[in-house]
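Welcome! Please take a look at the sequence and the fold below, and then let us walk through a few local features together.

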Amino acid sequence: MTNVTNERLKVKLKNLEFKNPLIAASGTVGYGEEYEEFFKLSSLGGISVKGTTKEKRQGNKTPRIAETPCGILNSVGLENPGIDCFIEKILPNLLTKNTIVIANIAGSSFYEYEYLAEKLNSTNVHAIELNISCPNVKQGGASFGSNIKDVEKVVSMVRKKTDKFLIVKLSPNVTSIAEIAKAAELKGADALCLINTLVGMKINIKTKRPILKNNTGGLSGPCLLPVAVRMVWETKKAVSIPIVGCGGISSFEDALEIIMAGASLFQIGTVLFKNPLAPIKILNDLNNWLKNNNIKNISQLTGSVLEW
Ligand SMILES: Cc1cc2nc3c(=O)[nH]c(=O)nc-3n(C[C@H](O)[C@H](O)[C@H](O)COP(=O)(O)O)c2cc1C
């Protein structure tokens, strides 16, 4: 098994030292407890917890998962126990697990994001991940992450309330990811995570009904990888803050692709549903590849793609 604390895999971003570049993606690991029968959470570079909101949420009506070729659609709808329960009952235990704990937050108004960031600032959580793919309820339901003005506003409001390491998680459902990324950097993001899910839809042709009760959902899994790699590559050229790559990563080769495109760290999500041991396999394979290729530290590969 990989020695997860070895020098080859370590990544330091500002004040945070990740023992390896693999982070479990928000919404796909809960708070890690169900995976502890497969691996120690301390094997992970970090864990990004389920999207947390101001109040407790039941999530959307079922069915809220649909299988697609090479991926899944989900419309879970941010089911979570709310920020107070997270801070009081869940976070203290997670912080004993010897891994970087990232609180993923979601709001339906600018005020909610600000509120969540302020609450988390007085905890010992290591980092905050701002999920800006959520709909802005007061402004017709378009996502905060879909226009530059809203991105600037939400990031600067949150930045003023916290000095935690701030990761802004971008939505791929935009025209220019680089412009959105630059806006987040300008307003104080310490890092960017990309990408969240792509909006999709699946229809049962017998009933003519969408499979998901919510009609549409977020597409994740292997089908997302080329989109994620392209968006990380475009973003890397536009910003100087570190990027956390995410979207369809299922193997060490996929992880290397996204790192070569420009990512410093990477997240894995949907692959965990198929193989809960995937993090361990990916880390072992990555470590062996680095060793065989005589690479002293994984960061040397960030953005190393040789463009035509
Ligand atoms: C069931 C499910 C729930 C998710 N919930 C969240 C969430 O609460 N917050 C968030 O930022 N991303 C959420 N995501 C998106 C993932 O964190 C990730 O960005 C996306 O699935 C792409 O990575 P993957 O292809 O490796 O799964 C969710 C994804 C899935 C599949």
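This is a predicted model: local features need pLDDT of at least 70, side-chain atom pairs count only at pLDDT 80 or more; totals for chains, interfaces and linings use all residues.

## Reading the labels

Helices (H or I, at least four residues) and strands (E, at least two) are DSSP runs, numbered from the N terminus.

## Two cis peptide bonds

Pro63 is worth a visit for its backbone: a cis peptide bond joins Thr62 and Pro63, with omega at about -5 degrees.

Another cis peptide bond joins Leu194 and Ile195, and here omega is about 20 degrees. Ile195 sits in the loop between β10 (191-194) and β11 (198-201).

## Positive phi angles

Cys70 has a phi near 65 degrees, a positive value in a residue other than glycine. You will find Cys70 in the loop between β5 and β6 (71-74). Its relative accessibility is 56%, so Cys70 counts as exposed.

Lys208 also belongs under this heading, with phi near 65 degrees, again a positive value in a residue other than glycine. Lys208 lies in the loop between β12 (203-204) and β13, and Lys208 is exposed, with a relative accessible area of 72%.

## Helix α1 against helix α2

Two packed helices are described by the angle between their axes and the distance between the axes. For helix α1 (residues 83-94) and helix α2 (residues 110-121), the angle is about 15 degrees and the axes are 10 Å apart. That makes α1 roughly parallel to α2, and α1 passes α2 in a right-handed crossing.

On the α1 side, the contact uses Ile83, Asp84, Phe86 and Ile87, which meet Tyr115, Leu116, Lys119 and Leu120 of α2. By class, this contact of α1 with α2 has six nonpolar residues, two charged ones and no polar ones.

## Helix α4 against helix α5

Helix α4 (residues 177-186) and helix α5 (residues 225-238) pack at an angle of about 50 degrees, and their axes are 9 Å apart. The two helices, α4 and α5, are therefore oblique to each other. Their crossing is right-handed.

Which residues of α4 and α5 meet? From α4 come Ile177, Ala178, Ala181, Lys182 and Glu185, and from α5 come Met231, Glu234, Thr235 and Ala238. The contact of α4 with α5 divides into five nonpolar, one polar and three charged residues.

## The cover over α6

How many of the 10 residues of helix α6 (residues 252-261) are buried? Seven of them are, and the helix is mostly covered. The buried residues of α6 are Phe252, Asp254, Ala255, Leu256, Ile258, Ile259 and Ala261. What covers these buried residues includes α5, β15 (243-246), β16 (265-268) and α8.

Just after α6 comes Gly262, which takes a positive phi of about 145 degrees.

Asn287 has its place in helix α8 (residues 278-292). Is Asn287 buried or exposed? With a relative accessible area of 9%, Asn287 is buried. Its side chain is joined to that of Asn6 by a polar contact of 2.9 Å.

Asn214 is found in the loop between β13 (209-210) and β14 (216-220). Asn214 is partly exposed, with a relative accessible area of 35%. Leaving aside residues up to four places away in sequence, Asn214 touches Asn60 and Ser75. Asn214 and Asp285 are 71 residues apart in sequence, and their C-alpha atoms are 38 Å apart in space.

Methods. Residues are numbered from 1 along each chain as its sequence is written. Side-chain values use heavy atoms; hydrogens and water are left out. Axes are lines fitted to C-alpha atoms, for helices over the stretch in contact, and angles run from 0 to 180 degrees between N-to-C directions. Angles under 35 degrees count as roughly parallel, over 145 as roughly antiparallel, 65 to 115 as roughly perpendicular and the rest as oblique. A crossing is left-handed if the near helix is turned anticlockwise from the far one by less than a right angle, and right-handed if clockwise. Contact means heavy atoms within 4.5 Å. Ala, Val, Leu, Ile, Met, Phe, Trp, Tyr, Cys and Pro count as nonpolar, Asp, Glu, Lys and Arg as charged, and the others, Gly among them, as polar. Buried means under 20% relative accessible area, exposed over 50%, partly exposed in between (1.4 Å probe, protein chains only). A polar contact is a pair of N or O atoms within 3.5 Å; within protein, one must be able to donate a hydrogen and the other to accept it, and residues adjacent in sequence count only if both atoms are side-chain atoms.
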